[in-house]
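The entries below follow the order in which I checked them.

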Amino acid sequence: MSGGPDLLLLAVVALDLYIVATGRLHSLVRSSALQGAALALLPVALWGLESQARVLHILLMSVGTFAIKVIVIPLLLRRAIREANVRREVDPFISLHGSLLLGAALVGISFWLASLLSLPQPAPSGLLLPAAFSTLLLGFLVLVTRRKAVTQVVGYLMLENGVFLFGQMLARDLPFAVELGILLDLLVGVFVMGIAIHHISREFDHIDTERLAVLKESA
């Protein structure tokens with residue numbers, strides 16, 4: 001196996017850490033799009049165009065991933081940011097430096113967990129399982145430590161990206177309909193979140209989920 005898949009997986013983990021460490025919303029969306037581009041290239045890098053029967057499946061998986069994760073979803077998020085007129089994640093539950101340290105620890109835990117698991121068949125890359133665990137755990141970290149709804153959408157995207165990485169271990173056996181269902185579910189989820197962010201901004205002049213929790217308690 002060439003180093004192409006490993007370089008893409010290292011890029012995914014590096015972008016995970018960057019997302020955890022930055023508070024600029026446009027940088028978060030840009031990093032999420034770059035991560036989507038790496039994931040779109042990953043099926044071709046892992047499996048190649050190894051047989052005529054698999055060429056269409058692999059290409060459709062890559063093109064669909066690129067279209068949704070690199071083009072459609074970032075456009076929706078940028079529109080939400082523009083309409084909400086917000087630029088930065090202010091006062092997260094855990095500081096950005098603390099989040100980066102915790103994220104680095106979670107990456108180390110991910111490599112440890114991957115070394116403990118016994119897979120029924122060898123993974124196509126030794127970094128695939130650690131990268132999947134890292135993306136899942138850091139996505140969950142973003143979800144629970146950030147206040148802005150846009151940032152939490154990016155955390156949700158990271159969680160789905162982790163699931164996508166796990167799915168690559170079974171790409172030869174996973175029907176394309178299942179892959180398409182995952183991508184459509186993600187698109188619908190982010191579209192609904194975009195609508196929610198728009199209405200939250202219009203009604204409350206902010207997208208801070210902490211304030212919404214306080215509003216619910218006082219109701």
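Is Ala 14 buried, exposed or partly exposed? I looked up Ala 14 and found it partly exposed, with a relative accessible area of 44%. For this label I used these cut-offs: buried is under 20% relative accessible area, exposed is over 50%, and partly exposed is in between (1.4 Å probe, protein chains only).

Source of the model. I note that this is a predicted model, in which local features need pLDDT of at least 70 and side-chain atom pairs count only at pLDDT 80 or more, while totals for chains, interfaces and linings use all residues. Residues are numbered from 1 along each chain as its sequence is written, and side-chain values use heavy atoms, with hydrogens and water left out.

Whole chain. I counted eight helices and zero strands in the protein chain. Helices (H or I, at least four residues) and strands (E, at least two) are DSSP runs, numbered from the N terminus. Read from the N terminus on, the elements run α-α-α-α-α-α-α-α. I found that 45% of the 219 residues count as buried. For contacts (heavy atoms within 4.5 Å), I took those in the protein chain with a separation of 6 or more, and residues 24 or more positions apart account for 78% of them. The chain exposes about 10,800 Å², of which carbon and sulfur atoms supply 69%. These areas come from the Shrake-Rupley method with a 1.4 Å probe, and for residues only the protein chains shown count as cover.

Helices H1 and H2. Ala 14 is in helix H1. Ser 31 sits in helix H2 and counts as buried, because its relative accessibility is 5%. Which residues does Ser 31 touch, not counting those up to four places away in sequence? I listed Leu 15, Tyr 18 and Ile 19.

Positive patch. I found Arg 24, Arg 30, Arg 78 and Arg 88 gathered in a patch of positive charge on the surface. Patch residues have over 30% relative accessible area and no salt bridge; like charges are joined within 9 Å, and nonpolar side chains (Val, Leu, Ile, Met, Phe, Trp, Tyr) within 5 Å. Arg 24 lies in the loop between helix H1 (4–21) and helix H2 (25–47). It is partly exposed, with a relative accessible area of 42%.

Helix H3. Arg 82 lies in helix H3 and is exposed, at a relative accessible area of 56%. I also noted that Arg 82 and His 26 are 56 residues apart in sequence and 9.9 Å apart in space, C-alpha to C-alpha. Phe 66 has its place in helix H3 too (residues 52–84), and counts as partly exposed at 39% relative accessibility. On the surface, Phe 66, Ile 71, Val 72 and Leu 75 form a nonpolar patch with about 330 Å² of accessible area together.

Salt bridge. How many salt bridges are there? With a side-chain nitrogen of Lys or Arg within 4 Å of a carboxyl oxygen of Asp or Glu as the rule, I counted one salt bridge. The side chains of Glu 160 and Lys 69 meet in it, at 2.3 Å, N to O. Glu 160 lies in helix H6 (residues 149–168) and Lys 69 in helix H3, so the pair ties together parts that are 91 residues apart in sequence. Both Glu 160 and Lys 69 are buried.

Helix H5. I ended with Ala 132, which lies in helix H5 (residues 128–145) and is buried, with a relative accessible area of 0%. Leaving out residues up to four places away in sequence, I found Ala 132 touching Gly 162, Leu 165 and Phe 166. Ala 132 and Gln 168 are 36 residues apart in sequence and 9.7 Å apart in space, C-alpha to C-alpha.

Terms used:
Lys, Arg positive; Asp, Glu negative; His and termini not counted. Charge placed at Lys NZ, Arg CZ, Asp CG, Glu CD.
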